[in-house]
Amino acid sequence: MNEKKLRSKSGHDRVSNTIIYIVLILMSIIWLFPFVGLVLQSFRSYATEYGGMVAYFVPKEFSLDNYTWLLTDSGSSFPRWYLNTLIIAIFVAIINTVMIVAVAYALSRSRFAGRTFLMQLWLILGMFPGFLTMICLYFLLKQMGLTQAGAIPGLILVSCASSGMGYYVCKGYFDTIPKALDEAARIDGASNARIMFTIIMPLTKPIIIYTALTAFMAPWCDYVMASYVAFGYSDSYNVAVALTRWVWTNDYQGYYTRFCAGGVLVAIPVTILFMCLQKYYVEGVTGGAVKG
């Protein structure tokens, strides 16, 4: 009787697993289809297949013309836009990570007057979308000369200005580290700075990498604020703004495949980062979700 139940349960599990795998495969196909299409269109030559006006999905003749034009043609300006995006993303990632880690460490390991009020206030302020202040930010940046020609430092400033308010996940990870380590180090005469850099930091590598990745991704994919601050000055565009301007041109068919090639080049650094640091990213998310 028990053997029949086990066989029945085993058969039921196989059927359930099969259905789950089929659903997951279908979801993966639907999710990956636009990305596969983007890559395939980027290898299509405008000269031989007339841009986007074709009735087939896979190119009849693969070509690197679009990538060659993006990286070598003087009329594309793509390397400059790519460099602008990279500069903004790197500076924002470094500054935001330092500020968030410092604020999270102070709120997690220290007790001072107004600590709870600050945490609650920042949490409430973080619920309001940033674009509500776009007009005010634009005029402030314009008065300081940080728009259009100065859009790159302006975007870095805007992205880093309130970064400390994103402390919550990082603080949750710090809260999981026993405070007995801090107390033992203080008994040995270690200062707060030494405790942070020699004891706590090596134990918090996952959350630091998670913070850096999320900080890097925000300006890398930013379009709204970047188009607003750099409006009308193409030398200060990031990749997202520049590629969108291409789609808006009258020569849509000519720039469509180049747009796809640019999208592929934009996705490469982020994909490599996530593939190399995926383990730390997951640990940072799960560890930071613990409430201290």
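1. Start with a helix pair. The axes of α4 and helix α7 (residues 151-161) come within 9 Å and cross at roughly 30°. Angles under 35 degrees count as roughly parallel, so α4 and α7 are roughly parallel to each other. The crossing of α4 past α7 is right-handed. This is a predicted model.

2. Which residues make this contact? From α4 come N84, I87, I88, F91, V92, I95, N96 and M99. From α7 come I152, L155, I156, S159 and C160. By class, the contact of α4 with α7 counts 10 nonpolar residues, 3 polar ones and no charged ones.

3. N84 belongs to helix α4, which covers residues 78-109. Is N84 buried or exposed? N84 has 5% relative accessibility, and buried means under 20%, so N84 counts as buried. A polar atom of the N84 side chain lies 2.8 Å from the backbone oxygen of D235. Neighbours within four places in sequence aside, N84 is in contact with I152, D235, S236 and Y237. Of these, I152 is also listed for α7 in the contact of α4 with α7.

4. Now the whole chain. The protein chain has 14 helices and 0 strands. Read from the N terminus, its elements run α-α-α-α-α-α-α-α-α-α-α-α-α-α. The protein chain has 292 residues, and 35% of them count as buried. Take the contacts in the chain with a separation of 6 or more: residues 24 or more positions apart account for 72% of them.

5. Helix α4 also packs against α10. Their axes are 12 Å apart, at an angle of about 105°. Angles of 65 to 115 degrees count as roughly perpendicular, so α4 and α10 are roughly perpendicular to each other. On the α4 side, V101, A102, Y105 and R109 take part. They meet N192, I195, M196, I200 and M201 in α10. The residues of this contact divide into 7 nonpolar, 1 polar and 1 charged.

6. Helix α10 has another partner, α9. Helix α9 spans residues 180-187, and helix α10 spans residues 192-203. Their axes come within 10 Å and cross at roughly 140°. How does that angle class the pair? Angles over 145 degrees would count as roughly antiparallel. The pair of α9 and α10 is therefore oblique. The crossing of α9 past α10 is right-handed.

7. What does each helix bring to this contact? Helix α9 contributes L181, D182, A185 and R186. Helix α10 contributes N192, I195, I199, I200 and L203. By class, the contact of α9 with α10 has 6 nonpolar, 1 polar and 2 charged residues.

8. Check Q148 in the backbone. Most residues other than glycine have a negative phi. Q148 has a positive phi of about 55° although it is not a glycine. Where is Q148? Q148 lies in the loop between α6 (134-143) and α7. At 34% relative accessibility, Q148 counts as partly exposed.

9. Look next at Q41, in helix α1 (residues 2-42). Q41 has a relative accessible area of 7%, so Q41 is buried. What does Q41 touch? Leaving aside its neighbours within four places in sequence, Q41 is in contact with F57, N66, Y256, T257 and C260. Q41 and S63 are 22 residues apart in sequence, and their C-alpha atoms are 10.0 Å apart in space.

10. Last, M217. The place of M217 is in helix α11, which covers residues 205-220. M217 counts as partly exposed, at 23% relative accessibility. With neighbours within four places in sequence left aside, M217 is in contact with V270 and F274. M217 and I90 are 127 residues apart along the chain. Their C-alpha atoms are separated by 9.7 Å.

Conventions:
Residues numbered from 1 in each chain as written. Predicted model: local features only at pLDDT ≥ 70, side-chain atom pairs only at ≥ 80, totals over all residues. Heavy atoms only, no water. Helix = DSSP H or I, 4+ residues; strand = E, 2+ residues; numbered from the N terminus. Buried < 20%, exposed > 50% of the residue type's maximum accessible area, 1.4 Å probe, protein only. Polar contact = N/O pair within 3.5 Å; in protein donor to acceptor, adjacent residues only side chain to side chain. Contact = heavy atoms within 4.5 Å. Axes fitted to C-alpha atoms, helices over the stretch in contact; angles between N-to-C directions. Left-handed = near helix turned anticlockwise from the far one by under 90°. Nonpolar A, V, L, I, M, F, W, Y, C, P; charged D, E, K, R; others polar.
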